[in-house]
Amino acid sequence: MSTLIILVVLLLLVIPPTAGLPGAPALLSLGLQLLCSLPRTRRLRGWWLVAGQAALFAWMGPVPFGGPSAFFAASVLLVARGPLRWVLFGGVTAAAGVVNLGADAYVWVNAVGNTATQGLVVFALTRLSDLRDELHATRAELAARSVAEERERAGHDLDAVLGSTLSRVIGLAAAGRAGEIPPLTRRAAQQVRQRPEPPPMPPPGDLTPRLALPILTVVYLWFPVAAIIVVARAPVPVGLRVAYWVAVIAVVALQAYHALPRPPGARPRHAAWTLPAQLLLAWLPLLEPDRPYYQLVGWAAASLLIVIPTPRLAWALYAATVASVPAVLLARSGSAAGIPAALLEVVGMSAMFYGLTAVTRLVYQVRESRLALAGLAAARERRRIAQDVHDLIGYGLSAITVKAELAARDPARAEAELAGVVTVARTALADLRAIPGDGEPGLSLRAELASAREVLEAAGATVEIDADHAPLPDGVDALLAVVVREAATNVLRHSEARHVTIALSTGDDLVRLRVDNDGVTGRPAEPGQGVANLTARLAARGGGLTTASRDHRFRLDATVPAEASSGH
């Protein structure tokens with residue numbers, strides 16, 4: 001869309017207001033500007049384009065309506081960098097005044113003003129289109145950077161909260177202070193079970209790209225000044241002249257209000273009366289008996305496209321509004337002379353101001369979608385980290401609690417259990433520091449089965465494991481290790497199991513894991529994320545999870561394809 005807008009505006013600017021055909025220099029200037037402004041030829045921009053525009057500017061001589069001289073000014077802004085661009089832009093504008101010194105004051109002011117403002121419009125449309133493409137191209141880069149920042153932040157937070165707890169547990173176990181360990185691990189386990197806070201929404205900030213606001217300000221100030229000068233030269237009574245000026249200022253002010261950058265879908269407040277008021281004020285001068293001032297209709301026509309949310313209705317009303325200008329002129333004069341020029345001027349005005357607003361909105365929308373994608377990526381990473389913390393560290397904390405309590409109750413086993421506490425705490429600490437990294441948790445099903453047996457037996461349960469199977473793919477093995485770890489954690493936290501069975505089987509291209517225990521207490525369990533996390537992990541691999549509770553028994557069944565697809 002932005003490319004089409006640029007193309008239409010450039011074509012309209014090169015056509016003289018007399019509706020005659022542009023000469024060869026003007027057409028060559030248009031061709032160079034297309035090379036400067038269109039996205040597909042952006043890479044061709046260079047000083048050679050500026051030199052070409054300068055040569056054509058000198059060839060054409062006085063051009064009071066802007067157009068080619070505006071292309072020269074816009075090319076300077078697009079190619080030069082830093083403060084130099086504005087110095088050169090001022091030089092081009094001054095040169096437009098110099099070559100028109102022989103004209104009267106109005107023509108001279110018009111030449112200078114049109115060169116500057118039309119140059120700014122072309123520059124703004126081109127740079128906004130560039131910015132939209134640049135933002136669109138860096139969406140993935142911003143998302144990746146947001147994920148990296150989230151991982152770094154999570155690493156600091158995890159180390160500050162859980163890392164310090166596990167380090168303190170190791171110190172207490174080494175000192176033989178078993179009784180102080182369970183309160184620490186229970187508090188840490190409570191933190192692990194909490195759902196992650198949603199990421200903060202980015203502040204809305206300025207909805208206008210940085211360069212657009214001053215350019216829009218200059219453009220919006222110049223055109224009413226030019227209109228006021230035109231009306232001042234018209235042979236009309238003073239009262240009517242003042243009424244024209246009021247109408248010009250009101251139409252421009254309403255246009256600026258309608259064009260203010262807003263979030264997608266948001267309409268200007270009170271548009272139900274501001275838009276009709278602008279249309280009426282813009283159309284009334286067509287009824288003036290001596291010299292109708294029709295340029296204001298271009299502003300109002302642009303507002304129709306900006307404000308009305310339904311494209312078909314907006315374009316239909318736009319076409320009717322623009323067509324009303326030649327219709328009124330023809331009806332009043334009976335002659336077609338000047339009608340093509342009036343039509344082109346109205347269409348050109350509306351194209352410029354609608355284009356500036358539309359492309360600014362496109363940039364805003366791309367920027368907001370870019371930020372939203374980055375926010376979603378960061379939120380997804382935050383959930384993934386929280387899921388891994390819950391599934392991987394929760395078990396370690398529960399195991400430490402069981403072993404520390406056993407060491408405190410049974411002095412004969414204290415040394416062995418505290419040594420186990422140190423081992424589990426160091427493993428959990430290593431897992432914790434690996435969580436913010438990329439990839440699946442590096443767990444082993446065989447190691448998790450052995451660890452689950454040890455911890456559950458320490459808690460007083462008899463454990464039967466039936467897991468004779470052929471080697472599993474690494475991803476499946478690690479995933480089922482997470483299931484075993486979470487299932488063991490749930491037995492420790494939510495049951496008073498005396499007997500636990502863990503069975504693994506394969507068949508029909510599926511791997512099935514069942515964990516069954518007889519310790520259902522009937523008391524409501526604390527809310528947690530474990531089953532939801534496991535369900536999500538298994539679903540990402542094409543598997544599933546079911547649970548059932550009956551006759552004081554609880555059963556968890558997990559299935560995953562033997563050759564599971566990669567996922568997280």
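**Entry 1: helix H17 and the sheet**

I began with helix H17, residues 474-494, in this predicted model, and found that H17 lies across E2, E3 and strand E5 (553-561), running at about 10 degrees to E3. I then looked up the sheet itself, which is open and built from five strands in the order E1-E2-E3-E5-E4, with mixed pairing. Strand E1 (462-466) and strand E4 (544-550) each have a single partner strand and stand at the edges, so one side of each is left without a neighbour in the sheet. On average, and ignoring direction, I note that neighbouring strands of this sheet are turned by 10 degrees against each other. Helix H16 (residues 445-458) also packs on the sheet, where H16 touches E1 and E2, and its direction makes about 160 degrees with that of E1.

**Entry 2: pairing, strand by strand**

I went through the pairings in turn, starting with strand E2 (residues 499-507) and strand E3 (residues 510-517), which run antiparallel and are joined by eight bridges. In this pairing I found glycine 507 opposite leucine 510 in E3. E3 and E5 also run antiparallel, again with eight bridges between them, and here aspartate 516 stands opposite arginine 555 in E5.

On the E4 side, I recorded that E4 and E5 pair in the antiparallel sense over seven bridges. Alanine 548 stands opposite arginine 555 in E5, the residue I had already listed opposite aspartate 516, while threonine 546 has aspartate 557 as its bridge partner in E5. The hairpin of E4 and E5 has two residues between the strands, and in this hairpin aspartate 551 takes a positive phi near 50 degrees.

**Entry 3: H14 against H17**

Returning to H17, I looked up how helix H14 (residues 339-409) meets H17, and found that their axes come within 9 Å and cross at roughly 45 degrees. That angle makes H14 oblique to H17, and the crossing in which H14 passes H17 is left-handed. From H14, the contact is made by His390, Asp391, Leu392, Gly394, Tyr395, Ser398, Ala399 and Val402, and from H17 by Val482, Arg485, Glu486, Ala488, Thr489, Leu492 and Arg493. I sorted the residues of this contact by class and noted seven nonpolar, four polar and four charged.

**Entry 4: H2 against H3**

I next turned to helix H2 (residues 24-37) and helix H3 (residues 47-60), which pack at an angle of about 160 degrees with their axes 10 Å apart. That makes H2 roughly antiparallel to H3, and I noted that the crossing of H2 and H3 is left-handed. On the H2 side, I listed Pro25, Ala26, Leu28, Ser29, Leu32, Gln33, Leu35 and Cys36, which meet Trp48, Leu49, Gly52, Gln53, Leu56, Trp59 and Met60 in H3. By class, the contact of H2 with H3 has eleven nonpolar residues, four polar residues and no charged ones.

**Entry 5: aromatic pairs**

Last, I checked the aromatic rings and found that the structure holds eight aromatic pairs. One of them is formed by tyrosine 220 and tryptophan 299, an edge-to-face pair at 5.6 Å centre to centre with 85 degrees between the planes. I noted that this pair links distant parts of the chain, with tyrosine 220 in helix H9 (residues 212-233) and tryptophan 299 in helix H12 (residues 296-307), 79 residues apart.

How values were computed
Residues numbered from 1 in each chain as written. Predicted model: local features only at pLDDT ≥ 70, side-chain atom pairs only at ≥ 80, totals over all residues. Heavy atoms only, no water. Pairing = 2+ DSSP bridges. Helix = DSSP H or I, 4+ residues; strand = E, 2+ residues; numbered from the N terminus. Axes fitted to C-alpha atoms, helices over the stretch in contact; angles between N-to-C directions. Contact = heavy atoms within 4.5 Å. Parallel < 35°, antiparallel > 145°, perpendicular 65-115°, else oblique. Left-handed = near helix turned anticlockwise from the far one by under 90°. Nonpolar A, V, L, I, M, F, W, Y, C, P; charged D, E, K, R; others polar. Phe/Tyr/Trp six-rings, centres within 6.5 Å; stacked < 30°, edge-to-face > 60°.
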